[in-house]
Amino acid sequence: MSAADPSTMATPGRRPEIVRWRRRSRVLRLLRFGLPAAIVLILAVMAGTVAWNALRAKPAEAGDPDAPIRLVNPRFVGRDDKGRAFVLTAASATRDPKDYQRVILDKPALVMDEEGPDPLRISGGAGVYHEGNRKLQLSGGVRLAGARQAFETASSMFDTKTGELVGSGPIQGSGSLGEITAKSYAVYGRGERMVFKGGVRTRLQTK
């Protein structure tokens, strides 16, 4: 004798309720198995996305521990052995990795006696500061400018200990007396005394 179907045994008034109960049972059964499967699928997709991005990403370049130290817009303030102040600025300063005592300067500018009545300004396209002997070498279109003179030369050497500025290349420009050209020069004191040597030519300006 086979078991009877509850729907066949139910009264006509309860049959719609039994149909609704069967529908809810099917929905619950679907959710019971479907939700875990959906969660597993989502986790698998996320893991695959992370793995794909990791494979496509380029490895970060490690910083070079031996890279030279570089400063942007440095400003150095100092005094010579006689207490005279000078200020040195540059677009950038980089230590030479082969010689730690050498500091390579880009577009250096030196001001002697900045707070005095007639400061002397020296600028160039490039420069090197030697910490061992405290000398600053300027090159690349060096220009000397003050209230009473303006000169252009190929290179200059400034000794921060003595405060003297010398140059072995040709120099030309104008001073308080007129136009001057020479093969070498030196600046003493706070820029108030300049000495020219080698093929000196002048054109005096009369007042």
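Guide: Strands are DSSP runs (E) of at least two residues and helices are runs (H or I) of at least four, both numbered from the N terminus, and two strands pair if DSSP finds at least two bridges between them. This is a predicted model, in which local features need pLDDT of at least 70 and side-chain atom pairs count only at pLDDT 80 or more, while totals for chains, interfaces and linings use all residues. Residues are numbered from 1 along each chain as its sequence is written, and side-chain values use heavy atoms, with hydrogens and water left out.

Visitor: How many helices and strands does the protein have?

Guide: Buried residues (under 20% relative accessible area, where exposed is over 50% and partly exposed in between, with a 1.4 Å probe and protein chains only) make up 27% of the 207 residues. As for secondary structure, the protein has two helices and 16 strands.

Visitor: Which residue in β12 does Phe 151 stand opposite?

Guide: Strand β10 covers residues 150-159 and strand β12 covers residues 171-174, and the two pair in the antiparallel sense over four bridges. Within this pairing, the residue of β12 that stands opposite Phe 151 is Gly 173.

Visitor: Which residue meets Glu 131 in a salt bridge?

Guide: A salt bridge is a side-chain nitrogen of Lys or Arg within 4 Å of a carboxyl oxygen of Asp or Glu, and by this rule the count comes to three. Glu 131 lies in the loop between β8 (126-130) and β9 (135-145) and Arg 95 in strand β4 (residues 92-96), so the pair ties together parts that are 36 residues apart in sequence. Glu 131 is partly exposed, at a relative accessible area of 30%. With N to O at 2.9 Å, its partner is Arg 95.

Visitor: How far apart are the closest N and O atoms of Asp 96 and Arg 102?

Guide: Asp 96 is buried, with a relative accessible area of 13%, whereas Arg 102 is partly exposed, with 23%. The two form a salt bridge in which the closest N and O atoms are apart by 2.5 Å.

Visitor: With which residue does Glu 152 form a salt bridge?

Guide: Glu 152 is partly exposed, having a relative accessible area of 45%. Its partner also counts as partly exposed, at 37% relative accessibility, and with the closest N and O atoms 3.4 Å apart, that partner is Arg 143.

Visitor: About how much accessible area do Ile 39, Ile 42, Leu 43 and Met 46 have together?

Guide: Met 46 lies in helix α2 (residues 15-56). The four residues form a nonpolar patch on the surface, where patches take residues with over 30% relative accessible area and no salt bridge, joining like charges within 9 Å and nonpolar side chains (Val, Leu, Ile, Met, Phe, Trp, Tyr) within 5 Å. By the Shrake-Rupley method with a 1.4 Å probe, only the protein chains shown counting as cover for residues, their accessible area together is about 420 Å².
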